[in-house]
Amino acid sequence: MATIAIVQEPPVFLDRDKTIEKAVSCVKKAAEQGAELVVFSEAFIPGYPTWIWRLKPGGDWGLSEQLHARLLANAVQIDSEQLRPLFDAAREHHVSVVCGLEERDQGTSRATLYNTVITIGPDGQLLNRHRKLMPTNPERMVWGFGDGSSLRVVDTPVGRVGTLVCWENFMPLARCALFAQGIEIYIAPTYDSGEKWIRSLQHIAREGGCWVLGSGNLLRVSDLPDDFPERERLYPDADEWINPGDSLVINPSGDIVAGPLRHESGLIMANIDLEQVSAAKRSLDIVGHYARPDIFTLQVNTNAQTPVEFHPGREVHHEHR
């Protein structure tokens, strides 16, 4: 039996360092209540670019550039020291942490953003960095595409953990790639919400015979900074809920055991029994006894993709006569 916590809190919107401070505080609070795994929402650091669903692609070009520049400046460079406080918090409280963030590429252009989820072990070490495979609709104007190198399930003290972000959970082959690695705790950080999304997560739990943790975004117009450009035009109702949250915990039978937490900040705490995973697969194991590899097979390219490869030049030796 393991205790998990889902953090449903708004970020300090478009402020990376203050949002990391808030995440550290939430990890401490969850750990004090017995959590061994702490989960945050999609793009929690420094916040999901919610404006993309309201801007006009052509008419709001200048505003789009202004907001994107601010997002880029507050994105996370994972190999830097920016996340050090969160890694230290995981180690100090001996908890595993799953957190969504805006990642700024450090390898090639240094200007591309990725919708990324990181998994940190209780020793404060990075276990996995998953970049969302397919940004949805206007998200493609913000994020680059991930690759199969991060479709990984990792061992933690609470069980085998894997993540898919928001609507990439609707990609059946991506789900199958995680199921085939013996996933026990399936984590879905998301911007989606509502009954249809909840029913989809319940289906995934039954399909995979695993625990599913849906970690939703929580944001009101009042959570936007005062200097958010053209805030009154884009969000004229100051009391509007931009996203209601709807975080929840679903057992391997597809039953909701905690949540959904809606229009409210807080921690969702739940106890997870991994024995229920193996029990759920007695009758249905889609990558085990219920599979038909003589008919269906899945190939996954786990190589990291890059537009440029540098190969060391060969030294040329000239023969002197």
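Analyst: A caution comes before the details. This is a predicted model.

Start with strand E7, residues 159-163. Is the strand mostly covered or open? Strand E7 is mostly covered, with four of its five residues buried.

Now look at its partners. On one side of the pairing list stands strand E6, residues 154-156. E6 and E7 pair in the antiparallel sense, over three bridges. A hairpin connects E6 to E7, and two residues make the link. Within this pairing, Asp 155 stands opposite Arg 160 of E7.

Strand E8, residues 185-190, also pairs with E7. Here the strands run parallel, and three bridges join them.

Helix H4 covers residues 172-179. Together, E7, H4 and E8 form a β-α-β unit, and the unit is right-handed.

H4 leads on to the charged pairs. Arg 175 and Glu 207 meet through their side chains in a salt bridge, at 2.7 Å from N to O. Arg 175 lies in H4 and Glu 207 in helix H5 (residues 195-208), so this pair ties together parts that are 32 residues apart in sequence. Is Arg 175 buried or exposed? With a relative accessibility of 8%, Arg 175 counts as buried. Glu 207 is buried as well, because its relative accessible area is 17% and the cut-off for buried is under 20%.

How many salt bridges are there? The count comes to 19. Among them is the pair of Glu 103 and Arg 129, whose side chains meet at 2.9 Å, N to O. Glu 103 belongs to strand E3 (residues 96-104) and Arg 129 to strand E5 (residues 126-131), so the pair ties together parts 26 residues apart in sequence. Glu 103 is buried, at 2% relative accessible area. Arg 129 is partly exposed, at 32%.

Another salt bridge joins Arg 262 to Asp 246, with the closest N and O atoms 2.7 Å apart. This pair links distant parts of the chain: Arg 262 sits in strand E12 (residues 256-262), Asp 246 in strand E11 (residues 241-250), and they are 16 residues apart. Arg 262 is partly exposed, with a relative accessible area of 44%. Asp 246 is buried, with a value of 4%.

Where is Ser 80 placed? Ser 80 sits in the loop between helix H2 (61-73) and helix H3 (84-93). Ser 80 is partly exposed, with a relative accessible area of 24%.

Two contacts involve the side chain of Ser 80. This side chain reaches the backbone oxygen of Gln 77 at 2.6 Å. A polar atom of the Ser 80 side chain also lies 3.2 Å from the backbone nitrogen of Gln 82. Further along the chain is Gln 106, 26 residues from Ser 80. The C-alpha atoms of Ser 80 and Gln 106 are separated by 9.4 Å.

Conventions. Residues numbered from 1 in each chain as written. Predicted model: local features only at pLDDT ≥ 70, side-chain atom pairs only at ≥ 80, totals over all residues. Heavy atoms only, no water. Buried < 20%, exposed > 50% of the residue type's maximum accessible area, 1.4 Å probe, protein only. Pairing = 2+ DSSP bridges. Right-handed = clockwise from strand over helix to strand, strands pointing away. Salt bridge = Lys/Arg side-chain N within 4 Å of Asp/Glu carboxyl O. Polar contact = N/O pair within 3.5 Å; in protein donor to acceptor, adjacent residues only side chain to side chain.
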